[in-house]
Amino acid sequence: MRSSLLLVGLLLLLPCSMLLAQPNPPGRFTLTGETGGQGDFFGWSVAPAGDVNGDQVPDLIVGAPTYDGVAGFAGKAYLFYGPITGDRSAANADATIRAQTFGDNLGISVAAAGDVDNDGFDDLIIGARSNDGPGIQAGRAYLFRGPLSGNLTDAQAHATFSGSEFEELGFSVASAGDLNDDGFSDLVLGAYRWSAAGGP
């Protein structure tokens, strides 16, 4: 059975009486993982993506951190442009971003980055907490500037942020807004195993 992510728009805004009377509330749709991706953990992370393609409609990003289509546990993220008006398959995402190395867990965290380059398109930040490039379990986070389309790899990121050994940088990622009031969106990256002494 394929892994799935069920999203229910406006659900919390409807009175209970309306929910009981409407088996299919407005805004309901299902995003389903790729065929054969039983262990992908599609939907492990999900976040509003901002407006990545500049059409004034919010978009959505979904992570599948154990996607193994390229290498075991490499991970993948899926971008869906809004509006989403019905059920969609991850195979039909508007853009995908995948890791190329065993165990990276790309997509463990996903978030809108805001407009980091102030070009009018929102950008994305994606974590890969187990990437070993800078050192064992150092972790990385990848910035992709909008607009995006097609099948991309982590090597095509517009910026890469790397942790140190055992830090697992990228376990969490988020936009910080414009912290220094310079007109550009800033980022927050979590490294939950960081230690002042080094190591886990």
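Two strands count as paired when DSSP finds at least two bridges between them. I kept that rule beside me while reading this predicted model.

**Entry: the sheet.** I looked up how the strands line up. Five of them form an open sheet, in the order β3-β4-β5-β7-β11. The pairing is mixed. I noted the general rule too: strands of a sheet pair through backbone hydrogen bonds, either parallel or antiparallel.

**Entry: the edges.** Which strands are at the edges? I found β3 (45–50) and β11 (150–153), and each pairs on one side only. I also looked up the twist, which averages 20° from one strand to the next.

**Entry: one pair.** Next I took β3 with β4, residues 59–64. They pair in the antiparallel sense, over five bridges. I picked Ala47 and looked for its bridge partner in β4, which is Ile61.

**Entry: the core.** Ile61 came up again. The largest nonpolar core has 22 residues, and Ile61 is among those with the most contacts inside it, along with Leu79, Ile126, Phe144 and Leu148. Which elements give two or more residues to this core? I listed β3, β5 (76–80), β7 (95–98), β8 (106–114), β9 (123–128) and β10 (140–144). The most comes from β9, with three residues.

**Entry: Ile126.** What does Ile126 touch? Leaving out residues up to four places away in sequence, I found contacts that include Ile61, Ala77, Ile97, Leu106, Val110, Tyr142, Phe144 and Val173.

Definitions and conventions
Residues are numbered from 1 along each chain as its sequence is written. This is a predicted model: local features need pLDDT of at least 70, side-chain atom pairs count only at pLDDT 80 or more; totals for chains, interfaces and linings use all residues. Side-chain values use heavy atoms; hydrogens and water are left out. Helices (H or I, at least four residues) and strands (E, at least two) are DSSP runs, numbered from the N terminus. Axes are lines fitted to C-alpha atoms, for helices over the stretch in contact, and angles run from 0 to 180 degrees between N-to-C directions. A nonpolar core is a set of buried Ala, Val, Leu, Ile, Met, Phe, Trp, Tyr and Cys residues joined through side-chain atoms within 4.5 Å. Buried means under 20% relative accessible area, exposed over 50%, partly exposed in between (1.4 Å probe, protein chains only). Contact means heavy atoms within 4.5 Å.
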